Amino acid sequence: MEFSISEVKLSELNLANRIDAEHYQPHFLDIVSAVKKKQYKKLSELVSKNITTGHTPSMKEESFYGGDVKFIKTDNLRDNQIVENFNHFLSDKGANKLKNATLKNDDIIVTIIGATFEVVGRVARIFPDLGKASINQNISLIRPTIASGYLTCFLMCKYGKQQLYYLSRQTEQVNLNNVEVGDVLVPLASNSFVNKIHSLHTQTHDLTVQSKKFYEDAENILLKELGLGTHIPSENGLSVRELSECLRDNRFDAEYWQPEYDYLEEKIRECKQGFDTLDNLFIVSNKTEKIEADKEYLYVELADVNNTTGTVDNFTPLKGSELPSRGKMILKQNDLILSSVEGSLEKVAVITSNEKNIIGSTGFFILKEKAYEPEVALILLKSKPFQSLLKRQAQGTILTAIPKPSISRILLPKIDKGVQLKIKELIVSAKRQQLEAQELLSKAKHAVEVSIEKDEVEALKLLN
């Protein structure tokens with residue numbers, strides 16, 4: 001068994017706040033020591049206003065909600081991106097309750113409370129295209145006086161990220177407070193280097209915006225082909241059904257029989273290429289793997305799926321003995337995974353990795369394409385009309401989800417091969433932009449690390 005030992009002088013102990021051994025682990029002390037060898041300032045000295053958090057306006061006050069102000073919570077914040085699956089939107093009145101947490105261009109937000117270290121320390125920079133937004137109590141707002149792109153890359157590189165972990169405390173949750181975020185030591189670089197990193201970070205955002213535009217274009221082509229491009233939902237809330245229909249589908253709840261669903265199904269039946277049920281257009285698989293305790297697996301669950309891009313952002317390496325009980329289903333390259341749980345039905349992704357031993361949560365359906373290109377199936381199932389039809393089939397009390405037998409009631413259109421190829425080309429372009437953005441971000445973060453470990457000259461060589 002290997003042990004990790006730190007020897008720390010009494011004078012260097014933070015006796016007022018921290019005497020726990022975890023705070024003084026050697027790799028944390030090495031990180032802090034490396035930054036201290038450079039010129040540096042505390043983050044709290046590099047802001048135009050005190051670092052702050054938001055809070056959650058009273059849910060009992062309906063007038064605080066239902067507007068167009070995005071309410072960012074932990075689930076929305078990933079490193080370098082804000083995932084727009086917002087559970088709540090604030091009204092102007094609700095946002096007014098969070099004046100100090102209203103986001104502006106070039107602000108930086110950081111998660112400070114979460115169940116694990118993977119949740120704490122996520123960092124994103126705010127750009128104008130986000131629109132009106134505010135944050136809750138689990139996120140800190142940093143308004144820097146230095147270039148925000150440079151500071152964002154620093155906080156995401158190991159010298160920033162590990163300091164956030166170093167300053168955090170683990171009780172029932174891992175957590176930081178605003179003062180501790182302000183204690184992060186930030187290396188001071190030359191204006192030319194700071195501006196270079198800032199510019200590169202801006203480019204990563206521009207590429208991401210272009211990528212999203214390709215996705216939107218793909219969805220517009222698809223919906224136009226299906227005659228749903230300019231659909232305005234009916235205001236008619238009245239639906240009269242035969243008892244035989246209710247018995248056939250075993251659904252007697254009013255939500256299931258909304259006129260909107262009739263309209264969508266009618267449009268699908270009118271498709272010139274024809275239509276069929278989801279279980280006929282895909283092979284729906286839930287094959288389970290015999291888990292070997294000592295075998296290495298790559299685990300995927302709902303939280304790992306990126307709602308915006310339809311990709312899996314994270315594969316967690318786990319031994320069979322460490323897998324959760326829901327980790328049982330084999331995933332292969334080009335499989336489409338679709339959440340079965342209401343509230344996360346937008347979690348749809350194509351498995352692009354050719355790695356072996358990928359295991360998915362039983363919260364997914366696995367769809368193997370027969371009639372569609374994988375990219376087309378992704379856009380189809382993520383589009384608003386078909387998300388609506390998926391949601392229709394969800395049922396339950398404690399956990400509302402789509403039972404597998406209900407899959408056979410979901411109608412999907414058959415799509416012309418030429419249209420499919422157009423959509424596929426757009427999605428391939430979108431993924432190319434995503435990859436370029438990821439590579440550029442990785443290069444910028446690595447350059448910041450090299451500037452700390454060596455100097456800016458060596459760092460710039462990487463960028464050139």
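Let me begin with helix 3 (residues 148-156), which lies across strand 7, strand 9 and strand 11 (139-142) and runs at about 170° to strand 9; angles run from 0 to 180 degrees between N-to-C directions, and axes are lines fitted to C-alpha atoms, for helices over the stretch in contact, where contact means heavy atoms within 4.5 Å. Helices (H or I, at least four residues) and strands (E, at least two) are DSSP runs, numbered from the N terminus.

This is a predicted model, in which local features need pLDDT of at least 70 and side-chain atom pairs count only at pLDDT 80 or more, while totals for chains, interfaces and linings use all residues. Residues are numbered from 1 along each chain as its sequence is written, and side-chain values use heavy atoms, with hydrogens and water left out.

Staying with those strands, an open sheet of 4 strands has the order 2-11-7-9, with antiparallel pairing, and two strands pair if DSSP finds at least two bridges between them. Strand 2 (52-53) and strand 9 (123-125) stand at the edges with a single partner strand each, so one side of each is left without a neighbour in the sheet. Strand 7 (residues 108-111) is joined to strand 9 by 3 bridges, and Val 110 stands opposite Val 123 there.

In strand 13, Asn 175 is the bridge partner of Ile 113.

Turning to helix packing, the axes of helix 6 (residues 191-225) and helix 13 (residues 456-463) come within 11 Å and cross at roughly 30°, which means that the two are roughly parallel, a word used for angles under 35 degrees. Helix 6 contributes Phe 193, Lys 196, Ile 197 and Leu 200 to the contact, and helix 13 contributes Glu 456, Ala 459, Leu 460 and Leu 463.

Finally, is Asn 307 buried or exposed? This residue sits in the loop between strand 18 (305-306) and strand 19 (311-312), and it counts as buried because its relative accessibility is 8%, the cut-off for buried being under 20% relative accessible area (1.4 Å probe, protein chains only). Its side chain makes polar contacts with the side chains of Glu 346, at 3.2 Å, and Lys 347, also at 3.2 Å; a polar contact is a pair of N or O atoms within 3.5 Å, where, within protein, one must be able to donate a hydrogen and the other to accept it, and residues adjacent in sequence count only if both atoms are side-chain atoms.

Note on methods:
Buried means under 20% relative accessible area, exposed over 50%, partly exposed in between (1.4 Å probe, protein chains only). Angles under 35 degrees count as roughly parallel, over 145 as roughly antiparallel, 65 to 115 as roughly perpendicular and the rest as oblique.
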